[in-house]
Structures are given as C-alpha cells and as structure tokens.
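Keep the viewer open as you read.

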Amino acid sequence: MRLWSIHPSYLDTKGLLGVWREGLLAQKVLMGLTRGYRNHPQLIRFKATKDPVTYLGNYLYFIYLEGERRGYNFKLEKIVRYDLSLPKLPVKRGQLEYEFQHLLKKLRWRDPDRYELLKNEKNIQPHPIFFVIEGGIESWEVIVK
C-alpha cells in the first residue's frame with residue numbers, strides 16, 4: 001500500500017488507479033472493516049489525527065478530483081466522509097523527494113513519456129492535504145533500494 005505524499009497530478013494512470021484502490025482499502029482498515037493491513041506504516045500519519053477516517057476521506061477526495069480531471073469514473077460516494085475545513089497535515093521535504101524519486105523509477109519503465117516530462121522537476125508539490133516542513137524521510141517509510 002502506498003498513499004503518496006506527492007501531488008496526485010504526478011501519478012501515471014497505473015499510479016492513480018492504484019492509489020484510489022489502496023486508499024479505499026485504507027479507509028476500510030481505519031474503520032475496522034478488515035483484518036489485514038491494520039498496522040501498515042502508511043496509515044501511521046492518519047491514525048495520529050483526531051479523525052483518521054475523515055483525514056483519509058480528504059486524501060481520497062483529492063484523488064477523486066484528479067481522476068475526474070482525467071476523465072476516470074471514480075465514485076465519490078465510496079468516500080465515507082470528508083471535511084476540507086480540517087487543518088492540513090505536515091509532511092517532510094525529504095519524504096516528498098524520496099517519493100518523487102521512487103515514482104520516477106517506476107515511470108522510467110512504466111510510462112517513459114511521463115518520466116521525461118517530470119524527471120527535471122525541482123519544486124515537488126505535496127498532496128493537497130499536506131503542507132511541507134523541513135526534514136528527512138518519515139520514520140514510517142519503508143525504504144526501497
């Protein structure tokens with residue numbers, strides 16, 4: 001499961017469809033509707049909030065909007081609840097950079113045109129529920145070499 005910290009506009013088709021599906025699974029996990037993935041590290045930052053399901057709903061809402069922008073048929077009603085008035089969550093700059101490089105590695109072989117478009121990007125934007133703070137890779141990240 002990867003719930004990207006980077007803006008969903010960077011994701012290729014496979015990445016966007018995957019994060020929608022994985023986000024919906026994460027929503028079920030946070031609601032206690034599944035036995036698997038309960039301790040998945042990607043959920044730590046949502047579990048640390050006062051309302052994990054709503055924060056994940058906010059996360060999914062922006063994935064939904066990106067899907068709509070691209071003409072996909074994501075179903076808004078699959079998001080249990082969201083509240084865009086909630087404060088944004090912090091994400092470390094190092095985490096954004098790590099995830100962006102991780103995505104570029106995938107794009108190099110999965111979507112070479114998108115890779116070429118993004119490979120020189122310097123100002124990496126976070127997913128809209130996050131604001132950037134200084135720091136390295138998050139402690140919950142599983143580093144892929």
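**Charged pairs, a helix and a patch**

At a relative accessibility of 9%, Glu 141 counts as buried, because the cut-off for that label is under 20%. Please keep in mind that this is a predicted model. The side chain of Glu 141 meets that of Arg 2 in a salt bridge, with 2.7 Å from N to O. This pair links distant parts of the chain: Arg 2 sits in the segment before α1 (13-30) and Glu 141 in the segment after β2 (130-133), 139 residues apart. Arg 2 is buried as well, with a relative accessible area of 12%. Look around the pair and you will find Glu 99, which is linked with Arg 2 and Glu 141 in a network of salt bridges.

Glu 134 lies in the segment after β2 and Arg 93 in helix α4, so the pair ties together parts that are 41 residues apart in sequence. Here Glu 134 is exposed, at 59% relative accessibility, while Arg 93 is partly exposed, at 34%.

The other bridge joins Arg 70 to Glu 66, with 2.8 Å between the closest N and O atoms.

Now turn to helix α3, which covers residues 52-69. Its 18 residues reach 26 Å from the first C-alpha to the last, close to the 26 Å expected at 1.5 Å a residue. The helix is mostly covered, with 13 of its 18 residues buried. Just after α3, Gly 71 takes a positive phi of about 85°.

Further along, the loop between α3 and β1 (89-92) holds Val 80. This residue is partly exposed, with a relative accessible area of 41%. Together with Met 31 and Leu 33, Val 80 forms a nonpolar patch on the surface, and the three have about 270 Å² of accessible area together.

Our last stop is helix α4 (residues 93-110), where you can find Gln 101. Gln 101 is partly exposed, at a relative accessible area of 45%. From C-alpha to C-alpha, Gln 101 and Gly 23 are 21 Å apart in space, and 78 residues separate them in sequence.

Conventions: Residues numbered from 1 in each chain as written. Predicted model: local features only at pLDDT ≥ 70, side-chain atom pairs only at ≥ 80, totals over all residues. Heavy atoms only, no water. Helix = DSSP H or I, 4+ residues; strand = E, 2+ residues; numbered from the N terminus. Expected span 1.5 Å × (residues − 1). Buried < 20%, exposed > 50% of the residue type's maximum accessible area, 1.4 Å probe, protein only. Patch = residues over 30% accessible without salt bridge, like charges linked within 9 Å, V, L, I, M, F, W, Y side chains within 5 Å. Areas by Shrake-Rupley, 256 points an atom, 1.4 Å probe, with all protein chains shown as cover. Salt bridge = Lys/Arg side-chain N within 4 Å of Asp/Glu carboxyl O.
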